[in-house]
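Trainee: I would like a close look at a single part of this structure, taken slowly.

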Amino acid sequence: MKPIKVGLLGLGTVGTGVVRIVEGHQTDLQSQVGSPIIIEKVLVQNKSKARSVSIDPAKLTDDAWDVIHHPDIDVIVEVMGGIEITRTYILEALARGKHVVTANKDLMALHGPEILAAAQENRCDVLYEASVAGGIPIIRTLIEGFSSDRIMKIMGIVNGTTNYILTKMSQEGAAYADVLKEAQELGYAEADPTSDVEGLDAARKMTILATLGFRANVALEDVDVKGISAISREDILYAKRLGYEVKLLGIAERQDDYISVSVQPTMVKTSHPIASVNGVYNAVYVYGEAVGETMFYGPGAGELPTATSVVADLVAVVKNLKLGVNGKQEQLAYKEKKLKTDEQIASKYFILLHVADRAGVLAQITQAFAEYEVSLESVVQQPNPTIPEAEIIIITHDASKAAANRVLKSLERMDVVKTVKSVYRVEG
């Protein structure tokens, strides 16, 4: 019954949740791992700061090396955030034979292969369930639950801030700027929301999911990223009229070992289960070649949901420690990365045009689509009393990204097309 001693880097929102769960669920944890789990040392910025959890002041330190170099600590739990200095701390911990649990999506998206290689070299575990989708156990599911299947597609709402904004725009008809301000006041969005609203946060998470799902080292620069800041109330309204919801989706697909990964606002058919995921909740849809469609839903952030994933990883590390199998999980990517070209990436598209309101315009526009072999699923032309032009709404059948781009450039050159107002991928 030798205690397992833990060093905690960070005592913010998630770190506080980790302390609450470890101390409050000690009996349950001991029954699972056969030993007490003790938080031995905690890195904080200010040792005298008032805290919402009770912790022995002697365990607090403002020097990370007090935690990493502590001879009795078995596992480092990193919930402090940051990239370069945190990378240094984790690599040093691994070099000293300490196992690591982290919630750091930025670190794992940018330096995951290096960190996992160092873990394998030092026969240590590095687990990072909480880095994607908070309380949803999606990483363990991809590694273990789909180990006998071949994943063909991962599609996810993996950023709660943007999902909250789009939900409010859809349900209340609110403007983007107004909802963003409200989200900041409620603490759902940062003072500088760029990482969330421009899709960067979701891109880092999709980098991790695609790497695990396809067993190839997907890099952040491989992800095609577009955020939600240009979405208007009119876009949301038109989507709803046509039976769609607009969601910021991360989409990773594989076909014949060629992969594509993107983050972009997408019109999702209301019949698709991911269309009904609202507010700050996350969901990840996974299509396996054998199992077919599955979806995982839950809170994507928050003190206790995220801390639950962190402590679950901690339990897994301790169990491996008892079995003597640390560092033997095969998480390293082993497949060559083959990225799809724009000719290989295919989807449906929604295109909203403002055009001259006169005879023959529609024929000219449909001819442009025919010229580049993009077939049309539906075309709706209607007047808009707020603008002098007519509006044409087009939804295509599946078309390559390259062909769609050629059509858009052709439309932009036409005198009769005043504005290519909106372009969205369509799912479902």
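How many residues line the largest pocket, and which of them lie nearest its centre?

Mentor: This is a predicted model, in which local features need pLDDT of at least 70 and side-chain atom pairs count only at 80 or more, while totals for chains, interfaces and linings use all residues. Residues are numbered from 1 along each chain as its sequence is written, and side-chain values use heavy atoms, without hydrogens or water.

The largest pocket has 49 lining residues, and Thr13, Val14, Lys105, Glu190 and Ala301 lie nearest its centre. Helices α1 (13–24), α5 (105–121), α7 (160–172), α9 (194–197), α10 (200–214) and α12 (303–323) each give two or more residues to this lining. Helices (H or I, at least four residues) and strands (E, at least two) are DSSP runs, numbered from the N terminus. A pocket is an open set of points on a 1 Å grid over the protein atoms alone where a 1.4 Å probe fits, with protein on both sides within 12 Å along at least five of seven lines; lining residues have an atom within 4 Å of a point. The largest pocket holds about 1,300 Å³ of space, counted as the space filled by probe spheres set on the points, which are joined across faces, edges and corners. By class, its lining has 15 nonpolar, 21 polar and 13 charged residues. Nonpolar covers Ala, Val, Leu, Ile, Met, Phe, Trp, Tyr, Cys and Pro; charged covers Asp, Glu, Lys and Arg; the others, with Gly among them, are polar.

Buried means under 20% relative accessible area, exposed over 50%, and partly exposed in between (1.4 Å probe, protein chains only).

Next, for comparison, comes the second largest pocket, with about 450 Å³ of space. Among its 25 lining residues, Asp224, Ser262, Gln264, Tyr349 and Lys401 are closest to the centre. Elements that give this lining two or more residues include β8 (223–225), β9 (244–255), β13 (346–355) and β17 (417–427). Strand β10 provides the largest share, seven residues. The lining is made up of 12 nonpolar, five polar and eight charged residues.

Strand β10 has 10 of its 12 residues buried, so the rest of the structure largely encloses it. It runs parallel to β8, joined by three bridges, with valine 225 paired to valine 263. It runs antiparallel to β9 over 12 bridges, where leucine 248 has proline 265 as its partner. Strands pair if DSSP finds at least two bridges between them.

Strands β9 and β10 form a hairpin with two residues between them. Aspartate 256 is in that loop; its phi is near 55 degrees, a positive value in a residue other than glycine. Aspartate 256 is exposed, because its relative accessible area is 63%.

Serine 347, in strand β13, is buried, because its relative accessibility is 4%. Leaving out residues up to four places away in sequence, serine 347 touches Thr396, His397, Asp398, Ala399 and Arg425, where contact means heavy atoms within 4.5 Å.
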